[in-house]
Amino acid sequence: MPRPTTLTTRIFLDSGSPDDTRSTLDLLGFLDGQTTNPSLVAKALRADNPDIALKQQELMDAYKGIVQNISQMIPHGSVSIEVYGDKDTVAETMITQGREMNTWIPNAHIKLPTTKAGLEAANVLTGEGVRVNMTLIFSQAQAAAVHAATFGAKKGDVFLSPFVGRLDDRGENGIDLISRISDMYKKEESHVEILTASVRNIDHFLASIAAGTDIITCPKKILDEWAASNFITPEATYSYTRDDLSSIPDASVSLTQSWQEYNIQHDLTDAGLQKFADDWNALIA
Ligand code: E4P
C-alpha cells in the first residue's frame, strides 16, 4: 500500500523491537521513522529473554544493536534513541551520551527529557548539528522552551513529543495540547516539529492529524487498526470529544523568552523520567 495521497503527516512506529519494524513495513509498505524509549527497549529485550540481567555496558551494546537493526530497515527514516536520565542526571552526562548515541546510526534523533538538564543538553547538541527529539512534553510552556533552546536549528532537526495518552489518563484532553502547540508554532513559523506520542487509540491517531501534528508515533496495534480501516484519513474538522476529559485552554505563551525563563516543571515529566529510569535499571544485573 503506498502512502495515502491525502496524508502529509509522517507515520512512525513506537516500539523497541526490530521485529515490529519489519512487520510494520510489510503492513504499510512505508514507514517514516521509529521511536524507542527505555521502557520499550526493556520490553523488547524481555520478550527475547524474560530473565535478562546485563552489565551496564552490555545493556548499551544491546540498545545499539537494536537501533542499528532498525536503522538498516528504514535508512531514509528517523530513529529516536533516548538517553538515560533521572532527576539527578546533569546536562553534561546527557550530552556525552547523546554524542555517543549519534555515532551509532546515520539517521538518529537523540531523545532528551524536557527538564532543565535536557534543555541545556539540547541547546549544546543542536549547536553541534545533532538532531534531537524532546520527550515527556505535557505543557505549552515546555514546547515554548524547546523552541527557544533549539533556536537556530533547521526544520527536521528538532522534534517535540507531547504525550497525549498520559494526559488523558489523568483526565485532561491530550489532543487539545497538540492543537495549542500547533497554533503557537504556526504563528511564529517555528522550526520545531510536533511528534504526537503516547497514542492509545485510533481516535488519537486521527484527531492529532486533524490538529496539525507533523508526525505521529504509534504502537503496532494502532497501525493494524489503521490498516484495517483501509487507511482512512481525517477531515480537518475531525475532533476528539470526550465528556470525561477537561479541555486544555490556550496558555498564551510567547516564544520570545530565553529558554531558562519558562516554567517547565510538570509532575508527569518528573514521573515519566523516573519510570524510564526504573525500567532501564531493572535490566541491570
Ligand atoms: C514515544 O516517543 C513515547 O516514549 C511513547 O509514545 C510513550 O507512550 P506511553 O505513554 O504509552 O508509555
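I looked at Asn-37 first: a polar side-chain atom there lies 2.7 Å from an oxygen atom of the ligand. I call that a polar contact, meaning a pair of N or O atoms within 3.5 Å. This is a predicted model, where local features need pLDDT of at least 70, side-chain atom pairs count only at pLDDT 80 or more, and totals for chains, interfaces and linings use all residues. Residues are numbered from 1 along each chain as its sequence is written, and side-chain values use heavy atoms, with hydrogens and water left out.

Next I checked Lys-111, and an N or O atom in its side chain is 2.7 Å from an oxygen atom of the ligand. For Ser-198, a side-chain N or O atom is also 2.7 Å from a ligand oxygen atom. How much of the ligand does the protein bury? I got 84% of the 350 Å² that the ligand exposes when taken alone (Shrake-Rupley method, 1.4 Å probe).

Where does the ligand sit? I found the ligand in the largest pocket (more than half of its atoms lie within 2 Å of the grid points). A pocket is an open set of points on a 1 Å grid over the protein atoms alone, where a 1.4 Å probe fits, with protein on both sides within 12 Å along at least five of seven lines; lining residues have an atom within 4 Å of a point. I noted 31 lining residues for the largest pocket.

Methods. Polar contact = N/O pair within 3.5 Å; in protein donor to acceptor, adjacent residues only side chain to side chain.
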